[in-house]
Amino acid sequence: MGEIEGVKINPDEDFYNKDNQDSQLDARLYMVMSNQKALEQMLSLWENYIKIDQFEFKRGLTKFRDIFQCLKDIHRWGIQERLIETGLLEIWEEDLAAEPNRNVRFETELWFRGNDKQRARRVEQIASLIGKMKGRVVSQTTIVEICYHAILGELPAARVRDIINHPNTELTMCDSVMFFRPVGEMNIGTVPSAEETEAAENVDNAMPSGDPVVALFDGLPLANHRLLEGRLIIDDPDDFEAEYAPSERVHGTSMASLITHGDLSDQSQPLNRPLYVRPIMKPVPSFNLPRRELMPEDCLPVDLIYRAVKRLFEAENGDEPVAPNIRVINLSIGDERRPFIRAMSPLARLLDWLSFKYGVLFIVSAGNHLSPIEFEPTLPAFESLSPDDLRQAVVKSLYGDARNRRLLSPAEAINPLTVGALHHDNAHDIPLSSAYKINPIHSLLPSPVSAFGSGYLRSIKPDLLYSGGKQCYQLPINANSSLKMLELRTQNMKPPGNKFASPSINAGVLDATAYGCGTSNATALMSRNANICYETLKQIFDERAPEQDFQKFAAPLLKAMLVHGCSWGDMGAKLNSILRSADDGTHAERLARNWIGYGTPDIQRALKCAEQRATLLGFGELTVEKAHIFHLPLPPSLGARQDYRRLVVTLAWLSPIVVQNQKYRATQLWFSVTGSSLAQTRIEACGGQGGWQTVQRGTVQHEIFEGDHAEPIRDGDCVEIKVNCRADAKKIKSPIPYGLFVSLEVAESLELSIYNEIMARVAQAIKIPRS
């Protein structure tokens, strides 16, 4: 029924690492479905094997002996897996401590059955058990394509306390249940208060036109804010607006502003298309103001997002699809109660399936972790540390706590672009020396709040980093605290940070702005970049390939285009110098990759060419065991010269998924580069020399090659880039659309026009316009 890779077990006399007998071991958990009689026989066989020395297996059962020698344990799926290890009991205790008499809602994920009648019987069974505990079923959701069947249940506080004190109940022991989980609490990161800071400056008054291509699934924005009025298409079929006060429309307003205008400190031009907005969050009932914006508790998050996406592309109740031209969906949210640990979350599976089904690119935030940064007690006083010493202490502390700062669901999904936050913004500089406003990192590195990867099966996640504001910290407010730590400074209303439109607590004020930080901001800014890239791609197709169906290739091309300008810059070297041990540089590179992915994108490198840089794009569809070969003509002027040159290749696609298979990704695409030794040295974008396998584990392969040795080049010589396709989890008959970006460049100081040389040699090329 499934496999989970990456389980850690402690060594014992039978299983241990020969090189380090104290280290934990990697293991794999298998979930097996069998009939009751066979299960009893297998458990009995296992018990005899572990109890009886030199146990004799009967004829026909010796294969079990071979299997048992490799196994740590066999047991029934029980309360430990379905309840205790999900962390639900601890979360219930916290919730009841805050509100002792509240009814508590929870998600019951069932073992998926392919038969409708079997699923119906399971629902009746669970509903009966919940009813016996004076609770009720609020809703249920079934999505066959991702093997998801779940019930949203509700229990009174007294019954929840009974389970906390005595977990062995008829409900929690029900074999139909795979997991009991808390209802997803989507984390939106650092939330600025609704307090007015400064009025928005004058912006371009030109109104957008055409169909939206980017959708924002978030909180409800303040649509009549001066920066947003006339620029949004708000679709609110669930009438979330009725539960929002204008001053509470914080997160949706900030995200809509960042997508539409970018960081206001940059004074960029607004997008020329409107932004589609679907509210999926609303304020939760609370006496504390402002109320938090969360996904509603009366439906499962998977169901709400599924309905929201389906509404875009399919007719509903006789009405036409509301926005069928959407090619990018922004999700600047993450489930703080569901960090990624080995297994794909239902929401991640949903995004992967929907992205392939509808040909849409989700851009999701890696997740924010707002817990304090704790240091070793031996660390000198903060005021005595130099900026470099503080940076080193912060980075080591964050990596030491990385297991508690993992990606938040659905950031582990393989088809979306997952965005982490860069500790950067263009707000005007202000002093950051007081005890209540400390900049922990005085250089270009990931934000301290940005989540760590890696992704599923150790794929690269996050995919990239983008500006998420300089997050400030402060010394503990509790002066008696004996711990050395920095606490998050959450009321970040003034610089530094990304600047965006904000509601005001003052009635009638519609031009307030604020500052904030986090992966939500970085994700919104990358969605803005996706809209800009879409316009360039559409113009290229309209002019160079009008016969092609651009919409079919838009999502994978956008994905490749957004990653194509990525590099580690100085970040990799800075992190390596902090993390590298004397004998293990490869380990440091892997640790760096888990935080920065492919690095930070320079979007202009994909949008524009230069005299010394030519960028070409390719696209197509491949079926399993087929390949396409692209030829990049080499400029003869580079022949026999010892000059720096760089080749960048980026391939992206959207893969079908096979939920029941541990490989999960149905189809793998990958490229190989042959035909020239012009640039053969792999650099940091693929994690150094040892990272070539890692870049092939996801759905984006991005590699950078460099060289400077002399090589003869004749007119007609080419670099061959072969795009291959093979079955991974399953052989899929349908073709897989992909996008490919390739750049060749030399140092800007060289007076070589390789752009013109390459373009003259590309027959019927689709090329990026020169700047």
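Modeller: Start with S409, which is buried at a relative accessible area of 3%. Buried means under 20% relative accessible area, exposed over 50%, partly exposed in between (1.4 Å probe, protein chains only). The model is predicted: local features need pLDDT of at least 70, side-chain atom pairs count only at pLDDT 80 or more, and totals for chains, interfaces and linings use all residues. Residues are numbered from 1 along each chain as its sequence is written, and side-chain values use heavy atoms, leaving out hydrogens and water.

Colleague: Where is S409 found, and which residues does S409 touch?

Modeller: Contact means heavy atoms within 4.5 Å. S409 sits in strand 18 (residues 408-409); strands (E, at least two residues) and helices (H or I, at least four) are DSSP runs, numbered from the N terminus. Leaving aside residues up to four places away in sequence, S409 touches G334, D335, R338, S345 and L347.

Colleague: What joins the side chains of S409 and S345?

Modeller: A polar contact is a pair of N or O atoms within 3.5 Å; within protein, one must be able to donate a hydrogen and the other to accept it, and residues adjacent in sequence count only if both atoms are side-chain atoms. Here the S409 and S345 side chains make one at 2.8 Å.

Colleague: Is helix 9 largely enclosed or open?

Modeller: Helix 9 is largely enclosed by the rest of the structure, because eleven of its 13 residues are buried. Among them are L347, W353 and Y358. Helix 9 covers residues 346-358. Just after helix 9, G359 has a positive phi of about 65 degrees.

Notes:
The expected span of a helix is 1.5 Å times one less than its number of residues.
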